[in-house]
Amino acid sequence: MRTKKLKKLLAVALAVAMTLALSGCMLTLVETDIKEDGSGTLVMRSGYSEEGLAAMEDEDTAEQIAAIRAGDSFMYNGEKYYGDSESYTFANVDELNAILNASDEEDEEAEAEEGMFAVTKNADGTFTLTIVVPKTEEEELPDEISEEISEDLSEELAGELEEAISEEDAEELAEMAANSFSTIMEFTFPAAVTQQQGPTEAVTIEGNKLVLDVMKFAEDTTYVFKTGAKAPVIVKSPQKLSVNGELKETEIYNIDGTNFFKLRDLAALLNGTPYQFNVDYDKAANAIVVKTKTPYTTANGGELKTGVDNSSKAVRSAQSLLIDGKAVDLEAYNIGGTNFFGLRALEPYIGYTVGYDSATNTATITSK
């Protein structure tokens with residue numbers, strides 16, 4: 001008696017032999033581009049290579065081949081493929097996961113694989129991709145190898161092939177399937193990605209781009225990939241600052257398009273106005289402590305210093321922020337040893353009014 005393994009291999013081999021004769025080499029390419037907020041696009045392309053079309057060329061398929069060539073095409077690794085594509089957009093990773101794991105409700109095998117892909121957005125802004133590859137269940141060779149094959153291959157011929165083919169031949173033909181039909185998944189993340197778990201044979205990583213050769217996935221295996229936090233673009237800002245109509249010399253940095261100002265500079269500039277505030281530090285709590293409507297009495301001598309570019313020393317601030325005793329979650333950077341915040345982010349808590357003069361590229365603060 002032949003083993004279940006051989007019968008399964010034979011089923012694959014027969015399917016491959018018939019399909020290769022009809023269609024040749026095919027590629028399915030799934031390109032997923034994920035943005036920082038978890039939204040993005042997914043494009044699924046599927047097509048025949050020139051070699052595949054050449055294998056199809058005979059009188060019966062000339063019209064079909066002509067139609068394929070006249071349709072859509074795409075390039076991959078320097079080779080042209082003829083086929084079609086489907087495009088999707090997603091607003092968050094939950095919608096992306098629904099697209100990646102979509103299955104035909106009538107297809108039990110697809111149902112079993114639902115949930116194979118899981119993209120999560122972590123609290124720190126990084127992303128994790130987990131792929132759980134199930135173990136393939138061994139099955140007896142069905143009476144009809146497949147609906148497609150049964151149309152072209154008689155049961156008698158199938159029986160003769162089953163008796164004639166060896167396990168080695170079946171394995172070789174099954175390997176032909178993997179080499180003739182490729183499924184490539186490309187994930188582009190907003191930051192560099194690294195592999196945390198799983199074998200590397202089916203994996204290629206180039207910075208923030210992850211390429212997966214699905215046909216080479218190991219069975220009964222979990223793959224895990226994670227991105228790092230995206231490094232912000234930080235430069236000294238050419239923007240100026242005006243307080244109550246007077247230009248002031250301050251140290252300003254532009255971080256990913258937003259201008260950040262030194263907290264102690266703002267405290268010094270607003271001192272004596274209705275919206276003055278004091279800045280202190282609670283070492284035990286590692287917290288910046290701001291008390292509004294209070295004179296600035298804790299100056300450290302570093303206020304309103306300009307001319308030094310400390311952008312290379314900028315890091316996300318590890319200190320929490322307390323304003324009038326309440327914890328406030330605002331984006332902050334420690335640059336050259338001092339903390340910087342966005343003017344508009346502080347506006348609701350300090351009370352001043354922020355404006356902008358586009359003609360002179362000047363941020364304005366009104367505190368009267």
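**Notebook: contacts, sheets and rings in a predicted model**

I started with a single side chain: a polar atom of N101 lies 3.0 Å from the backbone nitrogen of M116. I took a polar contact to be a pair of N or O atoms within 3.5 Å; within protein, one must be able to donate a hydrogen and the other to accept it, and residues adjacent in sequence count only if both atoms are side-chain atoms. N101 sits in the loop between α4 (93-100) and α5 (108-112). I used DSSP runs for these elements, numbered from the N terminus: helices are H or I of at least four residues, strands are E of at least two. N101 counts as buried because its relative accessibility is 10%. My scale for that was: buried under 20% relative accessible area, exposed over 50%, partly exposed in between, with a 1.4 Å probe and protein chains only.

A note on the ground rules: this is a predicted model, where local features need pLDDT of at least 70 and side-chain atom pairs count only at pLDDT 80 or more, while totals for chains, interfaces and linings use all residues. Residues are numbered from 1 along each chain as its sequence is written, and side-chain values use heavy atoms, with hydrogens and water left out.

**Overall view**

I looked up the totals next. The protein chain has 10 helices and 25 strands. Of its 368 residues, 39% are buried. I then checked the contacts (heavy atoms within 4.5 Å). Among those between residues at least 6 apart in sequence, 59% join residues at least 24 apart.

**The β1 neighbourhood**

How many bridges join β1 to β7? I found 8, between strand β1 (residues 26-34) and strand β7 (residues 181-188), and the two run parallel. I count two strands as paired if DSSP finds at least two bridges between them. E31 stands opposite E186 in β7.

β1 also pairs with strand β2 (residues 40-49), in the antiparallel sense and over 9 bridges. Here M26 has Y48 of β2 as its bridge partner. β1 and β2 make a hairpin with 5 residues between them, and G38 in the turn has a positive phi of about 95 degrees.

I moved on to an open sheet of 4 strands, ordered β17-β18-β20-β21, with mixed pairing. β17 (277-282) and β21 (326-327) are the edge strands; each has a single partner strand, so one side of each lacks a neighbour in the sheet. Helix α9 (residues 263-270) packs on this sheet and touches β17 and β18 (287-292), with its direction at about 145 degrees to that of β17. For that angle, axes are lines fitted to C-alpha atoms, for helices over the stretch in contact, and angles run from 0 to 180 degrees between N-to-C directions.

Strand β20 (residues 320-323) pairs with β21 in the antiparallel sense over 2 bridges. There, L322 stands opposite A327 of β21.

Back at α9, I checked burial: 7 of its 8 residues are buried, so the helix is largely enclosed by the rest of the structure. After α9 comes G272, with a positive phi near 90 degrees.

**Rings**

I paired rings of Phe, Tyr and Trp (its six-membered ring) when their centres lie within 6.5 Å; planes under 30 degrees apart are stacked, over 60 edge-to-face and the rest tilted. That gave 6 aromatic pairs. One of them, F74 with Y81, is stacked, at 5.6 Å centre to centre and 15 degrees between the planes. F74 counts as buried at 9% relative accessibility, and Y81 counts as buried at 10%.

F127 and F189 form a tilted pair, 6.3 Å centre to centre with 40 degrees between the planes. This pair links distant parts of the chain: F127 is in strand β6 (residues 127-133) and F189 in the loop between β7 and β8 (193-197), 62 residues apart. Both F127 and F189 are buried. Ring pairs link F127, F187 and F189 into a cluster.

I also looked for charges over rings (NZ of Lys or CZ of Arg within 6 Å of the ring centre and within 35 degrees of the ring normal). R69 has its charged end over the ring of Y82, 5.3 Å from the centre. R316 does likewise over Y333, at 5.5 Å.

**Last entry**

G351 lies in the loop between α10 (343-350) and β24 (353-357). Its relative accessibility is 28%, so G351 counts as partly exposed. Its C-alpha atom is 9.2 Å from that of Q276, 75 residues away along the chain.
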